[in-house]
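Dear colleague,

Please find below the structure I promised to pass on to you. My notes on it follow directly after.

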Amino acid sequence: MKRAQILAGFSIAAIALAFPAMSDAPKAPPLEPVHVPYEKTCQDTRITVYFSKQESVLSSYAVRSLNTAGDQLAGCAVSDIEASVVSADANDDMAATSLSEARAAVVLEALNARGIRARDIRTAFVSAAEANPSDALTFPMARRVDLTVTAATGYGL
């Protein structure tokens, strides 16, 4: 009888020790840092920066996207920047022109601060008449700056 109780106790202990091995808990992370190699490629990049209604101030999301673009283009030779500005949230063409110019200036200034400078910068403004007026009131897609940055491998990359 005692032998049966001892065997039952060992069986229960063995089953209890096997449970952690069968659990769905994730394994502990490795103690040594993992090195992920970063390959630098200088490719043409498209960046879109959205704005709040009637504003020409960069949001935190816009700053993050410009920081990411700056990191990707660091060390690259940027030859051209094409900026297309849509400011359909303005009341008339005069307000759209000044708002578009302010938005383009703040985005190009931010790129310049991140070391992205081009020999040739072209800016195109989409007038309020060409944009869909119903979209201008509700959608941020009608309040944006679309950038196309032409880049090539720079010196030392």
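I begin with one side chain: that of Asp146 makes a polar contact with the side chain of Thr48, at 3.1 Å. A polar contact here is a pair of N or O atoms within 3.5 Å; within protein, one must be able to donate a hydrogen and the other to accept it, and residues adjacent in sequence count only if both atoms are side-chain atoms. The Asp146 side chain makes a polar contact with the side chain of Arg144 as well, at 2.8 Å.

Please note that this is a predicted model, in which local features need pLDDT of at least 70 and side-chain atom pairs count only at pLDDT 80 or more, while totals for chains, interfaces and linings use all residues. Residues are numbered from 1 along each chain as its sequence is written, and side-chain values use heavy atoms, with hydrogens and water left out.

Asp146 lies in strand β4. Asp146 counts as buried because its relative accessibility is 14%; buried means under 20% relative accessible area, exposed over 50%, and partly exposed in between, with a 1.4 Å probe and protein chains only. Leaving aside residues up to four places away in sequence, Asp146 touches Ile47, Thr48, Glu82, Ala83 and Ser84, where contact means heavy atoms within 4.5 Å.

The setting of this residue is as follows. The chain has four helices and four strands, and along the sequence they follow the pattern α-β-α-β-α-β-α-β. Helices (H or I, at least four residues) and strands (E, at least two) are DSSP runs, numbered from the N terminus. The four strands form an open sheet of mixed pairing, in the order β1-β4-β2-β3. Its edge strands are β1 and β3 (120–126), each of which pairs on one side only. Two strands pair if DSSP finds at least two bridges between them. On average, neighbouring strands of the sheet are turned by 15 degrees against each other, direction ignored.

Strand β4 (residues 143–153) runs antiparallel to β1, and six bridges join the two. Within this pairing, Thr48 stands opposite Asp146. Eleven bridges join β4 to strand β2 (residues 76–87), again in antiparallel fashion; here Val86 stands opposite Arg144. Strand β1 (residues 45–50) has a covered face formed by Thr45, Ile47 and Val49, whereas Arg46, Thr48 and Tyr50 make up the uncovered one.

Helix α2 (residues 60–72) lies across β1 and β2, at about 165 degrees to β1. Helix α3 (residues 93–113) lies across β1, β2, β3 and β4, at about 155 degrees to β2. For these angles, axes are lines fitted to C-alpha atoms, for helices over the stretch in contact, and values run from 0 to 180 degrees between N-to-C directions.

Leu66 has its place in helix α2 and counts as buried, because its relative accessibility is 0%. Not counting residues up to four places away in sequence, Leu66 touches Ile47, Val49, Leu58, Ala110, Leu111 and Arg114. Leu66 and Val107 are 41 residues apart in sequence, yet 8.4 Å apart in space, C-alpha to C-alpha.

For the chain as a whole, 27% of the 157 residues count as buried. Of the contacts between residues at least 6 apart in sequence, 85% join residues at least 24 apart.

With kind regards
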